[in-house]
Amino acid sequence: MKKLVYVLMVSFLLLITSNEADAASDNLETVSIYLKNKIPSETSLNINVVGSYSNGTYTLEQGANYQIKIDGSKISLYKGSSKLGTSSEFTFQPKAYSENNQIIINDTPYIGTMKFVKESNYVRPINTLSTEDYLKGVVPREMYPYWPIEALKAQAVSARTYINKTYHNGFTDTQSDQVFGGYTWDGYGYETSTKAVEETKDEVLKYNDDYVSTFFSSSNGGKIFSQTNSWGTNPSSTPSYLVFKDDPYDRRSGTANVNWSFTINKTSPDLSIKENLEDYIEKYYETGDIVVTGIPHISFNEVTNSDMTAKGSITIEYNKISSFGLPIPVTKKFENINAYTIRSMIGNTIMKSPYIKEVVNNSGSFVIKGGGFGHNIGMSQWGAYQMASEGKTYNEILQFYYPGTALVGPEAIKSITLTKKTTLYNSVGSGVSGTISPQEVKVYEIDGNWYKINTWLGKKWIKPEGFIDGSIESINEKIILSEKTYLYNSPYSDEKRSESLNPQVITAIGKWNDWYQINTWLGKKWIKPEGALIGDAPPISKEVTIFTKTNLYSLPLDSKKTKNGLNSQTVKVNGEWNGWYRINTWLGNMWIKKEYTTDQPLEKMNTKLELIETAYLYNSPNDSSRTTSKLGAQTVSVTAKLGNWYQIKTWLGDKWVKSSSIADVEEINQSIMIINPAFLHNSPTDSSVRKEKLNPQVVKATGKYSNWYRINTWLGQKWIKEDYVMDQSKIEEINSAVTLFESVYLHNYPSEKTVRNERLNPQKVSAVGKYGEWYLIKTWVGDKWIKSPIALEGVVEEVSEQVQLTNVTTMYDAPNELSKSRGKLNPQKVLANAKFGENWYRINTWLGEKWVKVSP
């Protein structure tokens with residue numbers, strides 16, 4: 001690789017020619033640009049100014065409207081409709097060269113001197129301004145102004161080098177030279193591109209003391225071409241820094257132009273391709289009109305090295321229109337011509353570069369596949385974007401695309417800080433002349449990993465083993481290390497030592513990037529702390545709830561625990577870091593662990609609730625704090641509630657349980673009747689069932705939860721299910737006569753399980769209560785319950801009445817269709833001796849007394 005040299009440059013000349021620009025240290029200080037890009041060829045231009053401009057005769061005033069018009073063989077200056085003067089040219093100088101003085105042509109502002117001349121039959125403005133300001137208007141037109149600054153710096157150096165290399169009389173603001181947008185860089189969005197120009201001021205690329213040909217294109221599709229590859233330049237005339245090679249950065253940049261394709265129909269080419277081919281042939285080969293009718297053949301070679309030219313062949317069929325208007329078929333073959341020429345024939349926006357990757361020959365068409373946009377020579381702008389995005393510097397970008405060239409500036413381009421004692425050399429690799437201690441030094445030239453610096457012995461070369469780019473920032477910063485941190489001899493990963501620091505508080509005395517220099521028992525060393533608090537904790541202001549007793553710490557480190565602590569309460573937080581909160585206490589600012597706090601409010605309680613199932617105990621109200629201890633179903637003392645957690649008192653101290661394990665029992669004092677044998681439960685859950693059970697009886701309920709009752713038993717407080725309980729309040733009080741039409745057993749409670757031995761024969765009884773189908777009646781053994789489908793409310797009325805049976809009628813033992821049926825009677829008249837309700841009659845039959853239901 002050729003030597004990369006940084007050279008101290010002398011003062012600029014005011015304006016020099018392209019030959020003068022070849023001087024080893026002289027860059028163009030000013031440039032004159034023919035404005036054609038935003039100002040098309042016109043016979044009249046509208047002029048306004050900001051500030052003041054004059055040509056010695058006429059002064060252009062701010063706020064006035066001016067025009068310059070073609071006037072015969074000269075041009076004339078108008079103010080409004082008044083002609084001020086006529087001349088072969090007008091040159092207006094600003095009162096002072098600055099951004100405060102602008103000349104505005106057709107709404108586009110420019111700074112510097114503006115000369116107006118007649119060009120053919122048009123008015124042509126020529127803008128003269130400083131090269132650096134010119135570049136501020138070029139860089140954001142050649143590359144997106146918001147791209148990474150290192151890519152924009154590479155573009156700035158390339159553009160500066162390009163104009164110094166190619167500057168000529170008639171240099172324009174178009175793509176034929178460099179696109180210049182005028183004074184627009186003061187607007188929003190241009191800050192980065194302007195900074196890129198300013199931070200590379202006067203820097204250019206040189207090779208053997210000559211300006212580099214800094215060709216660049218939008219994209220190369222992953223392959224950099226030499227001039228020979230693209231344009232067919234003689235290999236002996238192609239500079240060694242413009243080489244054929246792969247470009248992985250462009251390939252992974254994400255630009256759509258990495259791969260593109262277009263289709264050529266063999267017998268009916270697309271209109272745009274057809275018209276482009278017709279224009280090309282008419283311009284260079286035919287004098288009359290032609291009509292392209294087909295493209296039966298197209299092919300390209302594969303480029304494999306810098307000395308090959310990308311070539312191809314194309315056959316075009318067309319009709320030449322004779323003077324009589326008749327079509328004359330013509331077949332024209334272009335064989336082994338430059339691919340760049342074929343690109344011009346087909347269209348530069350269709351065939352976007354000379355880099356063709358594949359031609360697919362289908363039956364009726366060709367599919368051309370290629371990559372890149374432009375000539376593919378030198379720097380890919382999308383590749384530069386990708387390199388900058390991956391952390392490469394502009395010098396690294398330039399060295400990749402123009403290898404072996406030297407970045408030359410007017411003074412030392414950068415400084416480095418030596419971190420080790422370093423040998424001085426008179427030249428690269430030879431002539432030891434002394435040593436230099438660790439310090440910051442200025443770099444003037446670079447040759448690979450050799451650096452030319454200025455010393456007390458004059459300019460010397462070094463090959464530093466330990467150094468950093470730039471200087472070490474002096475600081476006095478407290479750092480809290482939260483984890484084990486290794487020491488380094490210098491701020492580079494390969495300088496790691498075996499010694500390390502445990503979590504502690506240290507003071508940093510120097511900083512470089514994300515490295516910190518500290519004093520240690522080994523002298524000054526470097527650390528790259530991970531998870532450390534550097535300086536003060538980020539301030540916050542909020543309230544949090546401490547939900548369990550927690551320790552206070554003087555610093556956010558486990559080793560800084562104090563003897564003091566806080567009980568559950570709400571506190572104000574003024575700082576936060578790495579799982580810690582800083583709070584103000586009677587001891588001043590102290591730290592607590594965030595895991596023992598919550599943003600939710602803590603509800604203080606002093607009550608007893610039911611733990612309804614075996615539950616894990618937690619140290620704090622979060623799932624990650626579960627202990628191995630469990631608590632069985634029981635009554636617990638609750639001291640606080642937080643969200644869906646309860647704090648309870650245990651033999652282990654205050655612990656937390658989930659609210660799903662806690663029942664909020666309704667305290668009651670109510671007699672309930674157990675009407676079926678009921679198993680006892682330790683808690684209101686099916687899983688807590690015991691082997692003991694209670695037979696039907698009346699008990700006192702002290703609590704209710706869902707469908708469970710809490711009662712006092714010989715085993716203490718237990719639970720029974722509502723399914724086995726009758727709520728006595730639901731017994732309907734009545735005072736009714738009930739007629740028994742069959743024998744029924746007495747029951748202690750309205751439950752089949754409580755049947756007694758005594759029974760009643762059919763008779764009339766007095767009912768004092770009712771529960772569903774059960775009646776509470778008065779008996780010789782006290783109030784008892786009966787249940788019978790033919791125990792009916794009401795009394796039998798003795799009658800003697802003829803009753804007409806109009807239909808076949810069923811006979812029953814009792815006036816109820818649920819009683820037993822005893823045969824049927826045909827329609828007839830019968831004598832009833834008793835009546836029950838509205839339509840039941842008792843009659844004498846051959847089966848004895850029976851009941852019939854007579855339709856009304």
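Is Val638 buried or exposed, and what is its relative accessible area? In this predicted model, Val638 has a relative accessible area of 1%. Buried means under 20%, so Val638 is buried. Val638 belongs to strand 50, which covers residues 634-642. Phe679 lies 41 residues from Val638 along the chain. The C-alpha atoms of Val638 and Phe679 are separated by 28 Å.

Asp177 sits in the loop between helix 2 (149-166) and helix 3 (191-199). The side chain of Asp177 does make a polar contact, at 3.2 Å, with the side chain of His168. With neighbours within four places in sequence left aside, Asp177 is in contact with Tyr162, His168, Gly170, Phe171 and Thr172.

Helix 3, at one end of that loop, has its own buried residues: Ser193, Thr194, Ala196 and Val197. Viewed down the axis of helix 3, these residues fall within an arc of 155°, so they line one face of the helix. An α-helix has 3.6 residues a turn, so residues three or four places apart point the same way. The buried residues of helix 3 pack against helix 1 (131-142) and helix 2.

Definitions and conventions:
Residues numbered from 1 in each chain as written. Predicted model: local features only at pLDDT ≥ 70, side-chain atom pairs only at ≥ 80, totals over all residues. Heavy atoms only, no water. Helix = DSSP H or I, 4+ residues; strand = E, 2+ residues; numbered from the N terminus. Polar contact = N/O pair within 3.5 Å; in protein donor to acceptor, adjacent residues only side chain to side chain. Contact = heavy atoms within 4.5 Å. Buried < 20%, exposed > 50% of the residue type's maximum accessible area, 1.4 Å probe, protein only. Arc of directions from axis to C-beta.
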